[in-house]
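Please look over the model displayed here before reading the notes that accompany it.

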Amino acid sequence: MPPWLHPRAAYVHVPFCAHHCGYCDFAVTAGQDQLMTLYVEALGQELATLSEPCPVDTVFIGGGTPTYLTPPLLERLLAEIRRWLPLHASGEWSIEATPESLDAGKVALLADHGVTRVSIGAQSFHPQLLQRLERIHNPDDVPRAVECVRERIAQVSLDLIFGVPGQSVDDWDRDLRRALRLQPEHVATYGLTYEKGTPLWKRWQGGQVQPLGEDDELAMYCRAMDVLSAAGFEHYEVSNFARPGRRCRHNQVYWANHAYFGFGVGAARYVQGRREMNTRDTHGYIRRVFAGEKPLLQAEELPPEERARETLALQLRRADGVRRGEFQEQTGFDLDALAGAKLRQHAELGLIEDNGACVRLTRSGKCVADALMAELL
Amino acid sequence: MTTPTKNIRNFSIIAHIDHGKSTLADQFLLKTGAITQREFRAQVLDDMDLERERGITIQMHPVTIYYEFQGQRYELNLIDTPGHVDFSYEVSRSLAACEGAILLVDAFQGVQAQTVANFYLALEHDLTIVPVLNKIDMPIARTDDVLAEMQQALNVEPAEALRASGKAGIGIDEVLQAIVARIPPPPGKPDDPLRALVFNSHFDSYKGVVVYARVMDGTMRKVQKIRLMSGGTELEVIDMGQFRPTMTACNELGAGQVGYFMAQIKNIDDVRIGDTVTDALAPAAAPLEGYKEPQPMVFSGLYPVNNRDFEALREALAKLRLNDSSFTYMPENSEGLGFGFRCGFLGLLHREIIQQRLERDSELELVQTAPNTTYEILTRKGEIIVIDSPQKVPDAGQVEEFREPFVKISFLLPSENIGDLMQMCAERRGIFIRTEYLSPKRAILVYEMPLSEIIFDLYDKLKSVTHGYGTMDYEILGYRPADLVRLDILVAGKRVDALSIIVHRADADRRGRKLVKKLRGEIDRHLFEIAIQAAIGSRIIARETIAPIKKNVTAKCYGGDITRKRKLWAKQAAGKKRMKQVGQVEIPQEAFLAVLESDEG
Ligand SMILES: Nc1nc2c(ncn2[C@@H]2O[C@H](COP(=O)(O)OP(=O)(O)OP(=O)(O)O)[C@@H](O)[C@H]2O)c(=O)[nH]1
Ligand code: SF4
Ligand SMILES: [Mg+2]
């Protein structure tokens with residue numbers, strides 16, 4: 001079974017957070033910790049719908065803040081995952097964590113169950129910027145968390161946010177350098193976005209918050225590319241950097257438009273060409289799973305051409321780009337028949353490069369990746 | 001049923017916009033029992049949807065009523081007319097079917113531009129004018145001042161003017177009596193061969209073309225064989241009648257009467273307004289004088305957003321034209337916009353109304369180009385060509401003389417605003433003709449000016465300069481030579497023909513600069529830099545650039561984001577629906593109207 005139909009990757013979502021940050025529009029539940037036990041129980045039941053263990057190459061536990069679970073619940077979650085999603089011997093198992101939620105005990109638990117990679121939401125090392133993002137940790141929590149992880153787990157990734165109102169390019173530069181001093185294997189840099197409905201979005205609509213200008217955002221993005229590649233990182237996806245051999249294998253599944261399982265509230269899955277997303281409401285999720293129903297919010301199956309276009313848009317995000325041969329095999333469409341004219345236009349504009357076998361974004365193409373992909377769909 | 005000519009009175013109600021014509025007509029209908037109190041609604045004759053919505057009269061409305069006076073029964077054929085300048089041809093047509101006119105003047109607003117214009121129009125037709133000071137019920141009425149203005153501007157003796165209120169029903173009998181007493185009966189000869197003037201027509205989906213006729217001589221009868229004198233077409237009268245106010249059948253119409261007939265005419269273009277109807281078996285020797293149909297002077301392009309809607313748009317236009325022969329349309333092709341139509345209108349209000357009807361009746365998405373007037377060009381070869389679109393201007397080398405339509409424009413305004421108005425006219429190449437004071441406070445200013453300078457926003461400007469108290473009226477004088485050039489717009493190096501405009505050479509730089517600046521604001525940024533240039537021939541006179549998008553990446557994109565992102569992009573694409581793709585550039589509808597924007601800033 002080809003990897004774009006049959007999953008070898010699994011995502012598991014844990015929605016609980018100590019506090020809901022103003023910019024965040026993930027499926028998050030704050031202030032309802034009493035639901036944790038029921039939730040982990042429900043997750044176990046949803047996993048059990050697999051009916052038999054499904055071996056995978058990658059697992060990613062995201063959130064929310066998975067490490068915010070109490071140690072016993074965390075332990076139970078890890079055990080359920082191991083039972084239903086046995087990891088290949090050389091597999092990758094990532095988990096997301098906030099700096100303040102990690103301690104030696106939890107790290108030991110993770111390591112004992114086989115977690116290989118921890119992605120820490122550092123975001124910034126400037127207290128004011130952390131405050132503006134409504135993060136509850138201090139800059140010093142980050143090195144402490146990294147140290148803690150290092151004791152037992154080999155790979156550390158740091159998430160950083162740029163484009164925060166009030167942030168300067170110099171601020172950003174210092175954040176990058178402080179992150180590098182912690183010697184992470186992997187860095188993800190996210191431009192702050194104003195997601196509809198979030199408190200941040202409301203403040204922007206109300207005029208209390210002024211987004212950074214395009215020039216500053218561009219300068220910050222370019223600074224990240226410069227600083228991180230100078231430090232030996234590969235810019236392997238629009239917003240992800242890794243030391244050689246340390247790319248996140250799980251996330252690469254998404255950008256290849258390959259198949260993956262998804263469990264938990266708000267989780268997405270892509271199995272046999274069908275996309276599904278679970279409800280984003282934690283109560284609803286628990287209720288429906290216990291009632292033996294599918295906790296779905298939406299599902300869609302795209303016609304072949306749209307699926308091919310989606311594949312093109314996603315694969316273009318990768319430094320490896322789109323390989324003509326693989327693309328044809330995966331989608332059944334000839335890349336040039338599908339989008340030749342647009343690709344040529346973008347190549348003329350210097351946004352993509354095309355060596356005949358493979359099409360990929362140039363540096364300036366990466367900067368306008370979204371606008372470019374919107375045109376390809 | 002024929003009425004002896006001595007008991008017939010034919011008249012139009014004319015006035016400036018909103019001076020109360022339709023409301024007075026209501027009173028006539030009520031007083032004479034043509035409609036009952038129960039059937040009454042305000043401005044009952046304004047029966048088109050758009051007339052009711054906008055509260056203005058757009059088409060003329062003839063109606064026949066019977067009035068008893070001193071033991072005699074009089075047949076009054078009245079025509080309610082529109083006041084707006086775009087529809088002044090409706091007034092001319094109406095007057096041609098009458099012997100008299102009631103001229104209304106609003107007792108607060110006083111004499112206004114169309115009051116004067118319509119007054120002279122009635123004089124040209126040799127009509128007896130019954131002046132009426134209307135709306136005297138208003139507490140703010142300026143009765144004596146307005147009577148003085150009427151004396152000054154129209155030579156009306158205060159004693160001659162009647163006083164009435166259509167709304168309050170004051171003085172209605174006096175006006176009806178004056179109609180009978182002052183307006184002469186029709187002069188027609190009942191025993192002569194039939195001659196009837198065609199003064200209007202409309203299309204009815206059941207009855208076909210309904211022709212409005214005023215019998216001058218002789219009698220018109222049902223099943224009579226008639227002939228339209230201009231083309232010699234012979235037809236049979238199938239049905240006929242009078243507007244009372246609904247269409248009411250009768251068997252004949254005698255000399256002096258007004259009514260309608262049907263004769264199996266499929267297309268309104270088959271009946272010429274102004275034509276003479278005669279008896280095919282006993283034809284009259286000479287036709288009536290008739291009158292010239294107005295020529296559309298304002299043109300703009302109308303394009304379907306989807307090229308495949310072209311035929312649907314053609315059908316919608318054809319359907320509209322069935323009821324309005326004063327607008328025209330011709331297929332045209334623009335490099336930028338594809339296939340569409342060049343439409344001709346009598347003025348901007350007319351254009352707006354046609355566009356509204358189109359949008360209402362068909363669900364087509366349309367892109368409209370900015371309006372322009374017609375132009376006349378004398379070529380080097382000595383030919384005269386009339387063009388209705390900047391795209392049709394020949395190369396400069398072939399043009400011997402470029403001519404544009406000039407109008408005589410009259411403004412009526414408070415004297416204190418004269419200075420501002422004169423400055424405004426000077427900026428628009430106006431040639432001062434004369435000033436006349438109606439009173440120490442109000443004056444008439446007359447200018448000659450290019451039509452192109454007034455059709456866009458002059459009316460709004462006048463209103464703002466005079467705080468709403470100024471009015472204007474214009475009539476076409478003819479074409480005059482002018483130093484005109486075609487200003488082209490290039491977007492990303494490609495000329496967008498639908499954006500070309502014709503401007504005066506002295507004005508070209510300023511207009512070019514403004515236009516490219518405006519366009520810069522209308523066109524979204526793209527992935528590449530877009531140059532917007534204004535050019536005359538090959539000479540670039542202005543340039544703006546739209547910087548490319550430099551950064552547009554919302555960074556993260558993981559499993560759950562994929563569907564969401566795709567939907568977001570689909571939404572963006574839907575937002576581009578009213579855009580036209582010209583080369584690689586998406587140009588929104590607003591851009592094509594950019595030239596319309598007022599001169600400020
Ligand atoms: N106070 C007062 N208001 C009036 C009188 N006659 C008309 N009006 C108001 O004036 C406005 C215009 O009246 P219409 O009868 O539609 O005027 P019109 O001359 O037919 O207007 P157009 O056909 O658009 O040129 C309406 O709001 C009427 O209610 C009147 O005698 N007294
Ligand atoms: S900790 Fe992370 S998941 Fe939780 S609210 Fe903040 S940003 Fe969202
Ligand atoms: Mg009216």
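## Basis of the report

The structure is a predicted model, and the descriptions that follow should be read with that in mind.

## The shell around ligand 1

Ligand 1 has 22 residues around it, and those that come nearest are B:Gly20, B:Ile56, B:Thr57, B:Gly83 and B:Lys167. Among the elements that supply this shell, helix α1 of chain B, which spans residues 21–31, gives the most, with three residues.

Sorted by class, the residues of the shell around ligand 1 comprise eleven polar, six nonpolar and five charged.

## Where chain A touches chain B

The contact between the two chains involves 34 residues of chain A and 20 residues of chain B. On the side of chain A that touches chain B, two or more residues come from each of β8 (186–191), α8 (214–230), α9 (249–255), β13 (274–278), α11 (304–315), α14 (363–367) and α15 (369–376) of chain A. Of these, α15(A) gives the most, with five residues.

By class, this side of chain A has 19 nonpolar residues, together with eight charged and seven polar ones.

## Helix α3 of chain B

Helix α3 of chain B (residues 88–96) is largely enclosed by the rest of the structure, because seven of its nine residues are buried. The buried residues in α3(B) are B:Ser88, B:Glu90, B:Val91, B:Ser92, B:Arg93, B:Ser94 and B:Leu95.

The cover over the buried residues of α3(B) includes the strands β1 (8–15), β3 (72–80), β4 (100–106) and β7 (195–204), as well as helix α4 (113–124), of chain B.

How values were computed
Residues are numbered from 1 along each chain as its sequence is written. Chains are lettered from A and ligands numbered from 1 in the order in which they are written. This is a predicted model: local features need pLDDT of at least 70, side-chain atom pairs count only at pLDDT 80 or more; totals for chains, interfaces and linings use all residues. A residue is near a molecule or strand if its C-beta atom, placed from the backbone, lies within 6 Å of it. Helices (H or I, at least four residues) and strands (E, at least two) are DSSP runs, numbered from the N terminus. Ala, Val, Leu, Ile, Met, Phe, Trp, Tyr, Cys and Pro count as nonpolar, Asp, Glu, Lys and Arg as charged, and the others, Gly among them, as polar. Two residues are in contact if their C-beta atoms, placed from the backbone, lie within 7 Å. A residue is buried if 20 or more other C-beta atoms lie within 10 Å of its own, exposed if 12 or fewer, and partly exposed in between; C-beta atoms are placed from the backbone.
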